[in-house]
Amino acid sequence: MKKIRLDKFLADLGFGTRKEVKKLIKQKRVQVNDSIINSPSYAIDTEKDRVYLDGELLEYSEHHYYMFNKPSGYVTAREDRTYPAVMEFFEDNPFYKKLFPVGRLDLDTEGLLIITDDGQLSHRIAHPKWEIEKEYYAVVKGDLSGKNFSRYEKEGMKFKNFTTKPFKIKILSASPEKSEILITVKEGKHHIVKKIMEKLGYPVLYLKRIRIGNLKLDETLEPGEYRELTEEEIKNLKKLVNL
Ligand code: URA
């Protein structure tokens, strides 16, 4: 059982600041179970109590989770001195001030970014201990016909200062100039896909993240668009990191 104040309950749902939601309460627009409540400090059991605003039942959630299709040309940050930043797309979101991106994509990388205000989930998804898979679609320079990269599925790849976790490359198409691949890595190291492909001799020309763990990029989202994660998607993501 989790008890919180009625004004926090309403503010967490985006109905305004604490001050603003107090007004809604004083205007007798808020009902808890069978009674109109006019005390902002009234304790709500978020699992059992039924809270209505103007007669409409509200579903509580403390945190907010979005799937964003990052366009190329944006820095994964709240703001940046040189380039536009991904959080600009969330400026009109009621939770804008609390939201941040989970992990990082390069300036020129597109695709799936989770945007949330849930620090614990974010921390776990990014933490190497959980080995969350990240899958990318990439176009690389050069001909991958007949190549086999299965040894990296067992031993990873050695660099001067580190060895990657095992990763998988699936070739989708190959031609003399360029090839298309799916590459799945289990770490969030800076430029990891570009470093791997560069070392193999096939530099990345285009990169798009299409999956984080069990969460797939919704292909109906155009670059620059976002949507809320569904209850099911949130539950599945949390399960992956024991939350
Ligand atoms: N690997 C990269 O090289 N770039 C990204 O943006 C993500 C993974």
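## A ligand, a core and a buried asparagine

In this predicted model, an oxygen atom of the ligand sits 2.8 Å from an N or O atom in the side chain of Thr109.

| Residue and its atom | Ligand atom | Distance |
|---|---|---|
| Thr109, side-chain N or O | oxygen | 2.8 Å |

On its own, the ligand has 240 Å² of accessible area, and the protein covers 97% of it. The residues around the ligand include Leu105, Asp106, Tyr136, His191, Ile192 and Leu207.

Val193 also takes us to the next stop. The largest nonpolar core has 33 residues, and Val193 is among those with the most contacts inside it, along with Ile183, Ile196, Met197 and Leu200. Strands S7, S9, S10, S12 and S13 and helix H5 each give two or more residues to this core. Helix H5 provides the largest share, five residues. As a general rule, nonpolar side chains in soluble globular proteins tend to be buried together.

Let's look at Leu200 on its own. Leaving aside neighbours within four places in sequence, Leu200 is in contact with Phe149, Tyr152, Met157 and Ile169.

Is Asn69 buried or exposed? Its relative accessible area is 3%, so Asn69 counts as buried, the cut-off being under 20%. Beyond neighbours within four places in sequence, Asn69 is in contact with Gly111, Leu217, Leu221, Glu222, Pro223, Gly224 and Glu225.

Notes: Residues numbered from 1 in each chain as written. Predicted model: local features only at pLDDT ≥ 70, side-chain atom pairs only at ≥ 80, totals over all residues. Heavy atoms only, no water. Buried < 20%, exposed > 50% of the residue type's maximum accessible area, 1.4 Å probe, protein only. Contact = heavy atoms within 4.5 Å. Core = buried A, V, L, I, M, F, W, Y, C linked by side-chain atoms within 4.5 Å. Helix = DSSP H or I, 4+ residues; strand = E, 2+ residues; numbered from the N terminus. Near = heavy atom within 4 Å. Polar contact = N/O pair within 3.5 Å; in protein donor to acceptor, adjacent residues only side chain to side chain. Areas by Shrake-Rupley, 256 points an atom, 1.4 Å probe, with all protein chains shown as cover.
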